[in-house]
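Hi,

Here is the structure I promised to hand over. My notes follow below it.

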Amino acid sequence: MEGNSAYQIKSICVFCGSNPGKNTKFVEAANNLGKVLAKRKSHLVYGGGSLGLMGCVSTATNVGRSQVLGIIPTALAEGNFVGKTVGKELRVPTMQDRISKMLDNSDAFIALPGGIGTLEENFQIASWAQLNIHHKPIGLLNVDGFFNQLLSFLDQAGEENFIPHSARQIFISASTAEEMVDKLEDFVYKPDLVAAQIDWSKGNSSKKGKMNLSLHL
């Protein structure tokens with residue numbers, strides 16, 4: 001991802017609500033995102049099931065003949081809490097296993113409107129990017145201004161020195177699916193100089209030499 005060449009994206013993980021929301025534009029955006037992924041021959045990774053915006057984006061991608069992988073904890077799948085998964089289903093033991101498998105199987109991430117689960121997944125992936133665990137782009141599809149206040153919060157947290165500039169740049173925002181995917185493909189990873197010192201190859205935060213501990217979390 002370094003350099004000026006476009007980032008190659010074959011698979012995109014989408015975080016979004018298992019409810020459709022009140023605004024009909026959210027459903028329209030989810031359906032359109034699925035169509036855009038299929039048109040660009042990008043595979044979809046999502047949280048499984050067929051309800052709400054998750055069902056919309058997965059169905060639209062599947063109808064467009066792009067591959068769909070739903071990663072879902074066994075407890076949710078067997079309890080039939082979220083409906084039947086569209087495409088291929090991968091069952092995992094825990095929620096933590098799900099987010100880890102999503103990271104393993106995706107080249108980029110997009111968040112559509114959603115609730116606590118959507119935010120939790122998005123921020124966990126973002127925190128891992130900040131900590132140099134991965135270098136994959138993360139997008140907020142800001143449908144009808146849904147993420148405006150969240151983006152303002154991130155800006156304020158940056159102004160208050162809780163989020164360094166390098167971490168604030170992790171979040172890419174766009175109002176349409178086409179613009180979003182274009183921005184993800186144009187993404188160039190810019191490592192935080194402190195986080196770059198963390199060596200995750202040993203399965204922990206071992207240091208490469210003497211580490212500056214001024215990392216903002």
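What volume does the largest pocket have? About 360 Å³.

First, the basis. This is a predicted model: local features need pLDDT of at least 70, side-chain atom pairs count only at pLDDT 80 or more, and totals for chains, interfaces and linings use all residues. Residues are numbered from 1 along each chain as its sequence is written, and side-chain values use heavy atoms, with hydrogens and water left out.

**Pockets**

A pocket is an open set of points on a 1 Å grid over the protein atoms alone, where a 1.4 Å probe fits, with protein on both sides within 12 Å along at least five of seven lines; lining residues have an atom within 4 Å of a point. A volume is the space filled by probe spheres set on the points.

The largest pocket has 22 lining residues. S166, Q169, I170, F187 and V188 lie nearest its centre. By class, its lining holds 11 nonpolar, six polar and five charged residues (Ala, Val, Leu, Ile, Met, Phe, Trp, Tyr, Cys and Pro are nonpolar; Asp, Glu, Lys and Arg are charged; the others, Gly among them, are polar).

The second largest pocket comes to about 280 Å³. Its lining counts 21 residues, with C16, S18, M54, R98 and G117 nearest the centre. The largest share, five residues, is from α5. The classes here are 10 nonpolar, eight polar and three charged.

**Aromatic pairs**

The whole structure has four aromatic pairs (Phe, Tyr or Trp rings, the six-membered one for Trp, with centres within 6.5 Å; planes under 30 degrees apart are stacked, over 60 edge-to-face, the rest tilted). F26 and F146 are edge-to-face, because their planes stand at 80°, with centres 5.4 Å apart. This pair links parts of the chain 120 residues apart: F26 is in helix α1 (residues 24–39), F146 in the loop between β6 (138–141) and α6 (148–159). Helices (H or I, at least four residues) and strands (E, at least two) are DSSP runs, numbered from the N terminus.

F146 also pairs edge-to-face with F147, at 5.0 Å and 85°. F26 is buried at 11% relative accessible area, and F147 is buried at 3%. F146 is partly exposed at 34%. Buried means under 20%, exposed over 50%, partly exposed in between (1.4 Å probe, protein chains only).

**S66**

S66 sits in the loop between α2 (52–63) and β3 (68–73). S66 is buried, at 7% relative accessibility.

Best wishes
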